[in-house]
Amino acid sequence: MEINKILVVDDEPDLEHLILQKFRKKINSEEYSFIFAKDGTEAFEIIKNNSSLDLILTDINMPGMDGLTLISRVKELNNRSIRFIIVSAYGDMENIRSAMNRGAYDFITKPIDLNDLEITIEKTFKEIEKSKLALQHHEKLISFKRELDIATAIQTSILPKKFPAFPDRRDFDVYAKMLPAKEVGGDFYDFFLLDDYRLGIVIGDATGKGIASALLMAISKTLLKATALKGNTTDYALAEINNMLAEEIPSDMFITIFYGILDTRTGLFEYTNAGHCHPYLLTADGKICQFEKVGGLLIGAIKYAQYESDSIMLQPDDSVFFYTDGVTEAFNINEEEFNEKRLFETLQNNHRINCESIVDNVVSNVRVFTNGIEQSDDITCMALRYLRP
């Protein structure tokens, strides 16, 4: 148990003996420890050199630095947990009020009633303990906020943000947007050319919150791009990433990933889905359908998991809409989810607009639906349009 340290500041020589005698049991049990000073000047030097002091019992009227000046000087040190108990003559209300206004916690009057002093000290230490706990919680909140800021920086710094992403290409268009939640999750997206004709496109979500999730997201995105650039098929690429991560990440963490490759010469879109939300196909003639549910387990769940690939043939002006579960699981004030039905309805009549407008329409509808309710998860949308061979 931590010893409660008390500084007694008084120029009366008998007070030290009385206090040591009164509190001898608590001193012997190391519950209390007393330090004595004869005036404010001596006390101030002790306080400056002893950061573990919790309580100061001080007379007001003393030679040299008086008690009121001592309170003001100590407050300048910005020790938020330290407490003052003022000792003053009975009826000296002007000085007592002045001391309380300067930050004293309580007071006792002379002649000192030692039983009353004991009760006052115990009450003050209870208040000090509450103050310390509140300060610890505050510091934890600051630390957590700092961690979230770092996670957000990690998450957003590695995502493509410049659009149009490929201004010289006329055979496809791509656009993406992520709205980070206050409690950062692990959404990510990416798109990159594998060669002159093939475009790799990725969207995923790492479980958890904070820095751990942001780091897992960054690692997953980096590994996938490195694996994809070797020219591997989508199912092989996800299987290889899964084998690398399954034994390395904590058992309660995993990643969902959808990875596809568009061949811009033919419109063939090969894809594999590792537990992620199934994208929607928006055809040029206005039809909307969800991709077939093929793929495999979440990335990182078990080693040597098997993954399957499938493919569709995109026609000119067909679009594909990708998203994370922060879209469909966004809640409104009535705790209703945006859900797949509302997403489908939002995508209707979007087949003739460009990728940026498709994404913006979905994000706008989600925001209208939630009507200011704080996000519980990242909201990420991405659209790909095949323009011509």
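Phe269 stands opposite Ile312 in strand β13.

Strands of a sheet pair through backbone hydrogen bonds, either parallel or antiparallel.

## A second sheet, with β15 inside

Another open sheet also has 5 strands. Its order is β6-β15-β14-β11-β12, and the pairing is antiparallel. Strands β6 and β12 stand at the edges with a single partner strand each, so one side of each is left without a neighbour in the sheet. The twist averages 15° from one strand to the next.

Helix α10 (residues 339-347) packs on this sheet. It touches β11 (280-282), β12 and β14. Its direction makes about 20° with that of β11.

Now look at β15, residues 379-386. On one side, it pairs with β6 (residues 172-179) in the antiparallel sense over 8 bridges. Strand β14 (residues 318-323) also pairs with β15 in the antiparallel sense, over 6 bridges. Leu384 of β15 is the bridge partner of Val174. Leu384 is also the bridge partner of Val320. Elsewhere in β15, Cys381 stands opposite Lys177.

Is β15 buried or exposed? 8 of its 8 residues are buried, so the strand is largely enclosed by the rest of the structure. Its side chains point two ways. Ile379, Cys381, Ala383 and Arg385 point one way, while Thr380, Met382, Leu384 and Tyr386 point the other way. All of these are buried.

## Salt bridges

How many salt bridges does a search of the whole structure find? The search finds 17. Three of them are set out here.

| Pair | N to O distance |
|---|---|
| Arg198 and Asp195 | 2.9 Å |
| Lys230 and Glu240 | 3.5 Å |
| Lys303 and Glu247 | 3.6 Å |

Take Arg198 and Asp195 to begin with. Arg198 has 22% relative accessibility and counts as partly exposed. Asp195 is partly exposed as well, at 32%.

Lys230 is exposed, with a relative accessible area of 58%. Glu240 counts as buried, because its 18% relative accessibility is under the 20% cut-off. Lys230 lies in the loop between α7 and α8 (234-246), and Glu240 lies in helix α8. The pair therefore ties together parts that are 10 residues apart in sequence.

Lys303 and Glu247 link distant parts of the chain, 56 residues apart. Lys303 is in the loop between β12 (288-290) and β13. Glu247 is in the loop between α8 and β9. Lys303 is partly exposed at 28% relative accessibility, whereas Glu247 is exposed at 58%.

Some salt bridges share partners. In this way Asp10, Glu12, Asp59 and Lys110 are joined into one network.

## Asn232 in its loop

Where is Asn232? Its place is in the loop between α7 and α8. Asn232 has 18% relative accessibility and counts as buried. Its side chain reaches the backbone oxygen of Thr227 at 3.1 Å. Leaving out residues up to four places away in sequence, Asn232 touches Thr227, Ala237, Glu240 and Ile261. Glu240 is the salt-bridge partner of Lys230.

## How confident is the prediction?

The mean pLDDT of the chain is 89. A value of 70 or more is reached by 97% of its residues. Which element has the lowest mean pLDDT? It is helix α6 (residues 114-157), at 79. Strand β14 has the highest, at 98. Where pLDDT is low, the predicted coordinates should not be read in detail.

Technical notes: Residues numbered from 1 in each chain as written. Predicted model: local features only at pLDDT ≥ 70, side-chain atom pairs only at ≥ 80, totals over all residues. Heavy atoms only, no water. Pairing = 2+ DSSP bridges. Helix = DSSP H or I, 4+ residues; strand = E, 2+ residues; numbered from the N terminus. Salt bridge = Lys/Arg side-chain N within 4 Å of Asp/Glu carboxyl O. Buried < 20%, exposed > 50% of the residue type's maximum accessible area, 1.4 Å probe, protein only. Polar contact = N/O pair within 3.5 Å; in protein donor to acceptor, adjacent residues only side chain to side chain. Contact = heavy atoms within 4.5 Å. pLDDT = per-residue confidence, 0-100. Axes fitted to C-alpha atoms, helices over the stretch in contact; angles between N-to-C directions.
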